[in-house]
Amino acid sequence: MRTDEQWYPGHLRDLDDSECRELLTENRVGRVAWCENGIPAMVPVNYRFDGEYVVFRTSAHSLLARHFRDGPKAFQIDDHDDFQQSGWSVLVQGESEVLEWDELPDPADRPQPWIGGNRNVHIRISAEHISGRRVVPA
């Protein structure tokens, strides 16, 4: 067990909007979150961020297709380094909606699911609120 003399904790630093957007653009896996009957739920997805929206794909009969048709949702990415005791997290909050075919991004800009199957439903979450923070090591 560490004593106060041995332990020099790091600190939290808020990420500005441009840092959050850069991390969202650079990464490809995050988690979508929603509430069902007052119970929070969250699952990982492959995604793309175009500067305004987080876009992910799912199958037409999936849990995500049922819950992300519309309404407020959240999306989160993070990373950490156990050895350095550091990391960061970015949270996106906004409205979700299913994209129509004429709204789809170019094929090269669409998220690529890691699992097989027909995943032709594209869902986007607007980046109405973006926040983030970093744990800076001591």
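Two residues are in contact, or touch, when heavy atoms lie within 4.5 Å of each other. By that rule V135 touches H11, L12, Q85, S86 and G87, leaving aside residues up to four places away in sequence. The structure is a predicted model, in which local features need pLDDT of at least 70, side-chain atom pairs count only at pLDDT 80 or more, and totals for chains, interfaces and linings use all residues. Residues are numbered from 1 along each chain as its sequence is written, and side-chain values use heavy atoms, with hydrogens and water left out.

**Confidence**

- pLDDT is the predictor's confidence in each residue, on a scale from 0 to 100.
- The protein averages a pLDDT of 90, and 94% of the residues score at least 70.
- Over residues 1–5 the pLDDT is below 50. This stretch has three contacts in the model beyond near neighbours in sequence.
- Among the elements, helix α1 (residues 17–26) has the highest mean pLDDT, 98. Helix α2 (residues 63–67) has the lowest, 87.

**Overall build**

- The protein has two helices and eight strands. These are DSSP runs, numbered from the N terminus: helices are H or I with at least four residues, and strands are E with at least two.
- Along the sequence the pattern reads β-α-β-β-β-α-β-β-β-β.
- The C-alpha trace spans about 60 × 35 × 30 Å along its principal axes.
- Take the contacts between residues at least 6 apart in sequence: 69% of them join residues at least 24 apart.

**Surface and charge**

- Buried means under 20% relative accessible area, exposed means over 50%, and partly exposed lies in between (1.4 Å probe, protein chains only). Buried residues make up 36% of the 138 residues.
- A nonpolar core is a set of buried Ala, Val, Leu, Ile, Met, Phe, Trp, Tyr and Cys residues joined through side-chain atoms within 4.5 Å.
- The largest core has 24 residues; L24, V32, F56, F75 and V90 touch the most other members.
- Elements giving two or more residues to this core are α1, β2 (29–36), β3 (39–49), β4 (53–58), β5 (70–81), β6 (86–98) and β7 (121–126). The largest share, four residues, comes from β6.
- F75 touches residues including L24, V32, V45, V90 and I125, not counting residues up to four places away in sequence.

- V135 sits in strand β8 (residues 129–136). V135 counts as partly exposed because its relative accessibility is 34%.
- V135 and G87 are 48 residues apart in sequence, yet 5.2 Å apart in space, C-alpha to C-alpha.
- Q85 lies in the loop between β5 and β6. At 39% relative accessibility, Q85 is partly exposed.
- Most residues other than glycine have a negative phi. Q85 is not a glycine, but has a positive phi of about 50 degrees.
- N37 is not a glycine either, and has a positive phi of about 55 degrees. N37 lies in the loop between β2 and β3. With a relative accessible area of 73%, N37 is exposed.
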